[in-house]
Number of protein chains: 2
Amino acid sequence: MKWSELSDNWCPVARTLSVVGDRWTLLILRDCYLGKSKFEEFAGSSGMTRHILAERLKRLVEEGVLERRTYSSAPKRYDYLLTAKGEELRPALKIMKD
Amino acid sequence: MKWSELSDNWCPVARTLSVVGDRWTLLILRDCYLGKSKFEEFAGSSGMTRHILAERLKRLVEEGVLERRTYSSAPKRYDYLLTAKGEELRPALKIMKD
DNA sequence: CCATTAAGTTTTGTTTTGGAACTTATGGCA
DNA sequence: TGCCATAAGTTCCAAAACAAAACTTAATGG
């Protein structure tokens with residue numbers, strides 16, 4: 001079975017992991033919980049490449065974990081904010097921290 | 001930065017993920033929390049290939065999350081049991097389930 | 001004997017990742 | 001005006017990880 005097919009799984013843990021279980025994704029959420037919101041902030045703190053970061057952010061927005069907001073129109077600049085869905089995983093990261 | 005270098009990170013979340021943050025690994029722990037302990041049980045329920053399963057189990061044992069026990073000497077058969085360290089993540093998986 | 005079971009290992013081809021350079025649009029400043 | 005900087009990506013290519021399926025080993029049951 002491919003990892004990409006995990007979203008159809010009966011198990012809620014598996015479905016959660018199909019969204020946030022890729023490499024680096026939970027480190028983006030960690031940064032969000034610490035107050036970071038911009039592409040360059042994530043890129044600077046997590047160690048992942050910009051390439052992967054862009055991909056992960058796109059996925060998290062598609063899945064409703066983050067919201068992409070325009071914070072400057074000229075030049076176009078965006079940041080990423082936690083949604084209610086994104087907040088739900090905060091306690092899980094706290095456990096991993098401890 | 002490579003994913004494999006994450007274990008040196010200052011952040012405790014990052015170090016936790018360097019052990020359990022690979023694809024499929026947390027699904028092995030889920031199965032353990034549900035009472036499964038044998039290679040074939042993990043292989044049957046999670047959807048990962050035997051190849052990857054063997055690799056992940058090895059890592060989890062090396063990191064002290066699981067313990068590999070001989071439950072039959074002839075033929076040689078092994079199972080995998082949660083250690084105290086492995087139990088620590090149980091609440092994190094519960095949050096992902098909910 | 002032959003089939004079956006458990007716990008892996010091997011092989012081969014496909015995906016994903018990592019590193020680094022490049023792009024686009026704008027703003028500041030000399 | 002011309003030049004450098006910044007933010008948020010995108011592109012390219014090689015290296016690493018993964019997926020699927022077959023194979024291995026050792027013992028047991030019929």
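I am reading a predicted model, in which local features need pLDDT of at least 70, side-chain atom pairs count only at pLDDT 80 or more, and totals for chains, interfaces and linings use all residues. Residues are numbered from 1 along each chain as its sequence is written, and chains are lettered from A and ligands numbered from 1 in the order in which they are written.

I then sorted this surface by element (DSSP runs numbered from the N terminus: helices are H or I of at least four residues, strands E of at least two). Helix H4 (50-62) of chain A supplies at least two residues, as do helix H3 (39-46), helix H4 (50-62) and strand S2 (76-82) of chain B. By type I noted 9 nonpolar, 4 polar and 9 charged residues. Nonpolar here covers Ala, Val, Leu, Ile, Met, Phe, Trp, Tyr, Cys and Pro; charged covers Asp, Glu, Lys and Arg; the others, Gly among them, are polar.

**DNA strand D.** I found 22 residues around DNA strand D, the closest being A:Trp3, A:Lys38, A:Phe39, A:His51 and B:Pro75. Helix H3 (39-46), H4 and strand S2 (76-82) of chain A, with H4 of chain B, each give two or more. The surface near DNA strand D divides into 9 nonpolar, 4 polar and 9 charged residues.

**Chain B against chain A.** I checked contacts (C-beta atoms, placed from the backbone, within 7 Å). 21 residues of chain B touch 21 residues of chain A. H6(B) gives the largest share of chain B's side, 6 residues. That side holds 15 nonpolar, 3 polar and 3 charged residues.

How values were computed
Contact = placed C-beta atoms within 7 Å. Near = placed C-beta within 6 Å.
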